[in-house]
Amino acid sequence: LRPDDQGAAATEREAVDAPGDLTQKPARAARTFKPGDHASIAASVPALQPEQVDDVARIETRFAKSDGHGMLITNGTGTGKTFTTLGTVKRFADQGKGNVLIIVKTDGEIRNYLDSAPVSGVDLTRLEDTKDAGSGAVITTYANMASNNALAGREWDMIVADESHMLSMNKTGDETGALKALRAISNKPSHAMSKAHMVLAD
């Protein structure tokens with residue numbers, strides 16, 4: 001990012017053509033992908049507010065680095081993190097990186113994502129059960145991921161842990177089943193054996 005190309009103000013300046021009426025202009029793929037570029041993000045995902053465009057730009061800039069292995073978004077409740085997530089998923093798809101897993105706490109949150117995905121130009125499907133890994137961008141619960149060995153059969157371009165504190169929530173403070181599964185399917189070297197067990201389990 002340029003020194004003067006950061007924050008919501010920069011987004012508003014660069015994205016002046018983004019429509020306010022989402023029914024008039026659906027999300028579209030950028031012709032030439034530019035990581036972290038506010039204007040191209042706003043054009044690709046018109047549903048995003050300027051602050052959300054700024055977050056997506058920061059995420060893309062992080063992932064564009066050689067050691068850019070993740071990003072934690074800690075914005076408060078009601079700031080639109082669902083749309084920030086979906087905007088990031090859309091931008092990954094624009095790069096040909098469509099193998100995305102979103103993990104949430106509840107069925108209600110799955111429905112919220114599924115309702116919001118079309119507005120963001122994201123084709124998102126829910127995993128049917130613990131033997132389903134789906135295709136393209138998919139969404140499931142932490143409970144499903146902890147028991148779903150099929151997830152180890154896919155190579156993920158991005159894994160989104162919504163309410164990620166859920167990964168470490170248990171009484172003993174030990175590694176949860178969900179955290180163990182996440183480390184395995186994201187190819188953490190220490191969990192290579194866990195992934196192998198998942199792949200061979202069925």
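These legends walk through several close-up views of a predicted model.

Residues are counted from 1 along each chain as its sequence is written, and side-chain values rest on heavy atoms, with hydrogens and water left out. As the model is predicted, local features need pLDDT of at least 70 and side-chain atom pairs count only at pLDDT 80 or more, while totals for chains, interfaces and linings use all residues.

View 1. Helices (H or I, at least four residues) and strands (E, at least two) are DSSP runs, numbered from the N terminus. Starting at that end, the order of elements is α-α-α-α-β-α-β-β-α-β-α-α. Of the 202 residues, 40% count as buried; here buried means under 20% relative accessible area, exposed over 50%, and partly exposed in between (1.4 Å probe, protein chains only).

**View 2. Strand E1 (residues 100-104) is paired with E4 and E3.** Two strands pair if DSSP finds at least two bridges between them. E1 and E4 run parallel and are joined by 4 bridges, with Val-100 partnered by Met-158 of E4. E1 also pairs with E3 (residues 137-141) in the parallel sense, again over 4 bridges, and here Ile-103 stands opposite Thr-140. All 5 of the 5 residues of E1 are buried, so the strand is largely enclosed by the rest of the structure. In a regular strand the side chains alternate between the two faces of the sheet. On one side of E1 you will find Val-100, Ile-102 and Val-104, and on the other Leu-101 and Ile-103, all of them buried.

**View 3. The largest nonpolar core brings together 18 residues.** A nonpolar core is a set of buried Ala, Val, Leu, Ile, Met, Phe, Trp, Tyr and Cys residues joined through side-chain atoms within 4.5 Å. Leu-101, Met-145, Leu-151, Leu-167 and Ile-185 have the most contacts inside this core. E1, helix H6 (142-147) and H7 each give it two or more residues, and the largest share, 6 residues, comes from H7.

**View 4. The largest pocket has a volume of about 1,400 Å³.** On a 1 Å grid over the protein atoms alone, a pocket is an open set of points where a 1.4 Å probe fits, with protein on both sides within 12 Å along at least five of seven lines; lining residues have an atom within 4 Å of a point. The volume is the space filled by probe spheres set on the points. Of the 49 lining residues, Met-71, Met-158, Ile-159, Val-160 and Ala-161 are the closest to the centre. Two or more residues each come from H3 (50-63), H4 (81-94), H5 (107-116), E4 (158-161) and H7 (177-185), with the largest share, 6 residues, from H4.

**View 5. Helix H4 is mostly covered, with 11 of its 14 residues buried.** Among the buried ones are Thr-84, Leu-86, Val-89 and Phe-92, along with Lys-90, Arg-91 and Asp-94. From first C-alpha to last, H4 reaches 20 Å, close to the 20 Å expected at 1.5 Å a residue (1.5 Å times one less than the number of residues). After the helix comes Gly-96, whose phi is positive, near 85°.

**View 6. Leu-48 lies in the loop between helix H2 (38-44) and H3.** Leu-48 is buried, with a relative accessible area of 7%. Leu-48 and Thr-84 are 36 residues apart in sequence, and their C-alpha atoms are 7.2 Å apart in space.
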